[in-house]
Amino acid sequence: MVADKTMEKTKLHRSNNCDNRFCPICAWKKSRKNALKISVLMQYLREEERKDFVFLTLTAPNVKADELDDEIKHYNKSFQRLMQRKEVKSAVKGYVRKLEVTYNKERDDYHPHFHVILAVNKSYFTDTKAYIARDRWLELWQKSTKNNLITQVDVRKVKATDNKKEVSEIAKYSAKDSDYLEDEKFFDTFYKSLSGKRLIVYSGLFKDASKLYENKELEKYKELDPTQYIYQIFYHWGQQKYLETEKKLMTEDMQKEVNNQMLDEEDFEDE
């Protein structure tokens, strides 16, 4: 870690990562990086492409453990059918979609669902030919899943001034470690169902903007980290927590490397 002179502001500088999506620490880091990326993409699309955004949550009835893998595959196919419907295809100019799975301990079942940010024209909310009302979204999702038992979808406009809640929903973990680390049985279910699957998907304008982001062509939309870091702190894992092993002042060269850099992660609401 690196820290400022008060030791109150710290950030991770280097680490040996396993990069496994089921590692709580790596998942937390990945979520923070995703949050920044999605925020930048939205800012770029809002300013350069003149787009607004709709936040859409798609659900279906919960399923048992042995049905979860097939249900997720069904979700993916259903979502593609939804996006190919004429009125949706006409209105939506791109999307970023995240799969999330939660576990209900009381019923011992699983709830896969999609959080989606849709890019739409600024005229979408006033154009009666383009606008898709909440009840129509529900009807289209029922038809796409071929499941009339679905009774809920959530649709709302993303505020131009504050999109942290929506970004948080997209960027956060696909499964809470408090769910899948509670018991080996639960972990096996999550592992089997989520391994090898794309958890975040970019399409249309979001996919184009994602390529620009990865090529560092959207750096101007990032904020400069104002903190001046002067200490480096070393830790190793032991006794079920990270233990500090050394603290020292950074060299001038390292301070130049660390300070006055663009943020590469973003804080977000973590439930």
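Contact here means heavy atoms within 4.5 Å. On that basis, residues 24 or more positions apart account for 72% of the contacts in the chain with a separation of 6 or more. This is a predicted model, in which local features need pLDDT of at least 70 and side-chain atom pairs count only at pLDDT 80 or more, while totals for chains, interfaces and linings use all residues. Residues are numbered from 1 along each chain as its sequence is written, and side-chain values use heavy atoms, with hydrogens and water left out.

**Figure 1. Overview of the chain.** The secondary structure comprises nine helices and nine strands; helices (H or I, at least four residues) and strands (E, at least two) are DSSP runs, numbered from the N terminus. The C-alpha trace spans about 60 × 50 × 25 Å along its principal axes. Of the 271 residues, 45% count as buried, a term that denotes under 20% relative accessible area, with exposed over 50% and partly exposed in between (1.4 Å probe, protein chains only).

**Figure 2. The largest nonpolar core and Trp137.** A nonpolar core is a set of buried Ala, Val, Leu, Ile, Met, Phe, Trp, Tyr and Cys residues joined through side-chain atoms within 4.5 Å. The largest such core has 38 residues, of which Leu82, Leu118 and Trp137 touch the most other members. Two or more residues are given to this core by each of strand S3 (51-58), helix H2 (65-84), helix H3 (86-91), strand S4 (92-104), strand S5 (109-121), helix H4 (134-145) and helix H7 (184-194). H2 supplies the largest share, six residues. When neighbours within four places in sequence are left aside, the contacts of Trp137 are Leu56, Leu82, Val88, Val92, Leu118, Tyr124, Ile132, Val153 and Val155. A second, separate core of 25 residues includes Ala35, Phe53, Tyr202 and Tyr213.

**Figure 3. Packing of helix H1 against helix H8.** Helix H1 (residues 24-48) and helix H8 (residues 205-214) pack at an angle of about 115 degrees, with their axes 10 Å apart. H1 is therefore roughly perpendicular to H8. Axes are lines fitted to C-alpha atoms, for helices over the stretch in contact, and angles run from 0 to 180 degrees between N-to-C directions. Angles under 35 degrees count as roughly parallel, over 145 as roughly antiparallel, 65 to 115 as roughly perpendicular and the rest as oblique. The crossing of H1 and H8 is right-handed; a crossing is left-handed if the near helix is turned anticlockwise from the far one by less than a right angle, and right-handed if clockwise. H1 contributes Leu36, Lys37, Val40, Leu41, Met42, Tyr44 and Leu45 to the contact, and H8 contributes Leu205, Phe206, Ala209, Ser210, Leu212, Tyr213 and Glu214. By class, the residues of this contact are eleven nonpolar, one polar and two charged. Ala, Val, Leu, Ile, Met, Phe, Trp, Tyr, Cys and Pro count as nonpolar, Asp, Glu, Lys and Arg as charged, and the others, Gly among them, as polar.

Figure 4. Six of the eight residues of helix H5 (residues 164-171) are buried, so H5 is largely enclosed by the rest of the structure. The buried residues are Glu166, Val167, Ser168, Glu169, Ile170 and Ala171. Their cover includes H1, S3, S4, S5, strand S6 (153-157) and strand S7 (200-204). H1 and H5 pack at an angle of about 130 degrees, with their axes 9 Å apart, which means that H1 is oblique to H5. Their crossing is right-handed. On the H1 side the contact involves Ser31, Asn34, Ala35, Ile38, Ser39 and Met42, and on the H5 side Val167, Ile170 and Ala171. The contact of H1 with H5 has six nonpolar, three polar and no charged residues.

Figure 5. Val116 lies in strand S5 and is buried, with a relative accessible area of 0%. Beyond its neighbours within four places in sequence, Val116 is in contact with Val54, Phe55, Leu56, Phe79, Tyr95, Val96, Arg97 and Ile170. Ser193, in helix H7, counts as buried at 2% relative accessibility. Residues up to four places away in sequence not being counted, Ser193 touches Leu68, Asp69 and Ile72.

Figure 6. Asp19 is not a glycine, yet has a positive phi of about 60 degrees. Asp19 is found in the loop between strand S2 (10-11) and H1, and is exposed, with a relative accessible area of 62%. Lys216, also not a glycine, has a positive phi of about 60 degrees. The loop between H8 and strand S8 (231-238) holds Lys216, which is exposed at a relative accessible area of 58%.
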